[in-house]
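Subject: Structure handover

Hello,

Here is the structure I said I would pass on. My notes on it follow below.

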Amino acid sequence: MMKRILTLILVLFITHSYAQSSNFNDLLQKHVDVRGTVDYKSLKANEAKLDAYLSYLNNTKPDKAWSADKEKAFWINAYNAYTIKIILDNYPLKSITNIKKGGKTAWKYAFAKVGGKTYTLDHIEHEILRKKFKDPRIHVGVNCASGSCPKLANLAFTEDNIELELERLMKEFINDPTRNKLGKKKVEISEIFNWFKGDFTANGSVIDYINRYADTPVNKKAKIKYLTYDWSLNGN
């Protein structure tokens, strides 16, 4: 009898988790276009649905039995959902850099509640995602709500889709001429490759990493210039 009850509880939890992820996916599909532009005004009108997803995050603690892909998807979704939330809490605004809470930036202010604990966005990105998974593609998964940031995917990440989607997003980012200008002998690339250089050079140079995805191969000795980062809001 107890075994049946535990099985039922597990089924209900999995169903609830799937439903909440599906709700977040629906929000992104409805309010984020294929270019990653966010309609914050319409999202603000549908904020209750986002809040329901944040409540799920607050009540869900990643389990040791989860696969690496499932946990990675969970934390990237959490980062993006709470980034959207802090934008909406301060909307309208021109840039996420304008947000200050108790003298702290949006990334250093502790407000993201996951599994009963409260985190900063920086902690989720740097202490959990980057430190644990050591995957450079995390930088195209998490979104800083800014013009130069890799575009926000208009879908929720899942255990099943995260590998394919991170590959797609990295390829699109590297070959997007508004974010990276690639030539055979000279490149002008995102500051992300400079700020987090160590993430991209674990198995070679920055150019080596770019060439894994570039439509046109770049000479390994190409001159590198880093583009000025556009912090304007990635939507309206």
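Among contacts between residues at least 6 apart in sequence, what share joins residues at least 24 apart? In this protein the figure is 68%. Please keep in mind that the model is predicted, and that every value here is computed from it.

Overall form

The protein contains 10 helices and 7 strands. Its radius of gyration is 19 Å, close to the 18 Å from the globule rule for 236 residues, so the protein is as compact as a globular protein of that length. The C-alpha trace spans about 70 × 40 × 30 Å along the principal axes. Of the 236 residues, 46% count as buried.

Aromatic pairs

The count of aromatic pairs comes to 17. One of them joins phenylalanine 24 and tyrosine 53: the ring centres are 4.5 Å apart and the planes meet at 5°, so this pair is stacked. Phenylalanine 24 sits in helix α1 (residues 2-31) and tyrosine 53 in helix α3 (residues 47-58), so the pair links parts of the chain that are distant, 29 residues apart. Phenylalanine 24 and tyrosine 53 are both buried.

Tyrosine 209 and tyrosine 213 make another aromatic pair, this one tilted, with 5.6 Å from centre to centre and 45° between the planes. Tyrosine 209 has a relative accessible area of 5% and is buried. Tyrosine 213 is buried as well, with a relative accessible area of 4%.

There is also an aromatic cluster, formed by Phe24, Tyr53, Tyr56, Trp66, Phe74, Trp75 and Tyr119. The stacked pair of phenylalanine 24 and tyrosine 53 thus belongs to this cluster.

Glutamate 165

Is glutamate 165 buried or exposed? Its relative accessibility is 12%, and the cut-off for buried is under 20%, so glutamate 165 counts as buried. This residue lies in helix α7 (residues 162-174). Leaving out residues up to four places away in sequence, glutamate 165 touches Leu155 and Phe157. Between glutamate 165 and valine 140 there are 9.6 Å in space, C-alpha to C-alpha, for a separation of 25 residues in sequence.

Regards

Terms used:
Residues are numbered from 1 along each chain as its sequence is written. This is a predicted model: local features need pLDDT of at least 70, side-chain atom pairs count only at pLDDT 80 or more; totals for chains, interfaces and linings use all residues. Side-chain values use heavy atoms; hydrogens and water are left out. Helices (H or I, at least four residues) and strands (E, at least two) are DSSP runs, numbered from the N terminus. The radius of gyration is taken over C-alpha atoms; the globule rule is 2.2 Å times the number of residues to the power 0.38. Buried means under 20% relative accessible area, exposed over 50%, partly exposed in between (1.4 Å probe, protein chains only). Contact means heavy atoms within 4.5 Å. Rings of Phe, Tyr and Trp (its six-membered ring) pair if their centres lie within 6.5 Å; planes under 30 degrees apart count as stacked, over 60 as edge-to-face and the rest as tilted.
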